[in-house]
Amino acid sequence: TWHLKKIPQIVSERTFSLESPKFEAKTKLELKSVCGIECQRKLPAPSSSDLKDLLSYETVFENGTRTLTEVNVLGLVLDPAGNKTTRRSSRKKRQIYGTDSRFSIYDKRFMTNFPFNTAVKISTGCSGILISPKHVLTAAHCLHNGKDYVKGSKRLRVGLMKTKSRGDGRKRKGAKRNGMPSFQWTRVKSTHIPKGWFKGVSGDIALDYDYAVLELKRPHKRKYMELGISPTIKMMPRSMIHFSGFDNDRSGQLVYRFCSISDESNDLFYQYCDAEPGSTGSGVYLRLKEPNKKKWKRKIIAVYSGHQWVDVNGEQQDYNVAVRITPLKYAQICFWIHGNDENCTQG
């Protein structure tokens, strides 16, 4: 069951202008983690002043201007069990673990219907997911490498999957074969990235804050997926998660996968879902029952961040990692969507 939680408030304190970014960074498809599972276990809980700094955020607008908004956090209740992790057997592989368990979605009846139609393509080469009529959730490193915004993020676009229109009867030269999605591209009006991505507890980029929200220039009319608070592994049916994106090695295809989570920290899920670059930024979701109802509902509980090398018992171990939507992150993303915290009191 989805458990309702009281959400802390993210309140904007002041906003001021920054210099325009250079937009010269290269997109990194594989990050080097600065803090692995062992490191995460030893981290002290951030103070309220730390959280105010980490959850302050940059906004970049389509004309290249940039602002920084400082925030305050009200009503925060820290979960004392949040940093516990579950030990599992270790193995060393790459982003495809053993037999490739991904599914390419070819049938447009599935591709253009919920939940698969919520997956979008980002023009910098990543994936994302629709979270409102005007907003897309993706990974921060698809837009920023920790020092500068990536090339192409100034004129950022989002590709929404579309069915073949009536006027497409004649096959144009270079047209995709049947089963490959075509995209309706929409310009991005503004981008929000938490300051924690630029400056984590180690003074370097922090994977815990590898998420961003894009506001589209024009609203779409499609069904989107709601946000949910990430439950712990033991509260998830068979510890199973799902996500769909546009993996680079299956060009033009929507790729779906599911797997069990192997380990968790307060902010991250460590798992062996088969994935390749291109699916980074996909929305990780699961399906649980609504409280006091028999109806099942899918909600986004994490953002797929990509392949990571992390320290486990002093050795390098690789996982595919997702950033959990905690009550704090829910409050921040909800604030970005609505512009206030009035609609974000329950998650």
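These legends go with close-up views of a predicted model, looking at its largest cavity and at one residue in the lining.

**View 1. Cavities inside the predicted model.** The largest cavity comes in at a volume of about 80 Å³.

**View 2. Who lines the largest cavity.** Val60, Phe61 and Glu62 are part of the lining, along with Leu143, Tyr149, Ser153, Lys154 and Leu156. Val188, Lys189, Ser190 and Thr191 complete the set. Two elements, β3 (57–61) and β10 (182–194), are the ones that give two or more residues to this lining. The largest share belongs to β10, which puts in four residues.

View 3. Sort the lining residues of the largest cavity by type and you get six nonpolar, three polar and three charged. Ser153, Lys154 and Tyr149 are among the residues to look for in this close-up.

**View 4. Serine 153, a loop residue in the lining.** Serine 153 sits in the loop between β8 (135–138) and β9 (157–162), and it is one of the residues lining the largest cavity. Its relative accessibility is 9%, so serine 153 counts as buried, the cut-off being under 20%.

**View 5. What serine 153 touches.** The side chain of serine 153 reaches the backbone oxygen of valine 150 at 2.6 Å. Leaving aside residues up to four places away in sequence, serine 153 also touches Phe23, Thr124 and Leu143.

Definitions and conventions: Residues numbered from 1 in each chain as written. Predicted model: local features only at pLDDT ≥ 70, side-chain atom pairs only at ≥ 80, totals over all residues. Heavy atoms only, no water. 1 Å grid on protein atoms, 1.4 Å probe; cavity = no way out; pocket = protein on both sides within 12 Å on 5 of 7 lines; lining within 4 Å. Points joined across faces, edges and corners; volume = space filled by probe spheres on them. Nonpolar A, V, L, I, M, F, W, Y, C, P; charged D, E, K, R; others polar. Buried < 20%, exposed > 50% of the residue type's maximum accessible area, 1.4 Å probe, protein only. Polar contact = N/O pair within 3.5 Å; in protein donor to acceptor, adjacent residues only side chain to side chain. Contact = heavy atoms within 4.5 Å.
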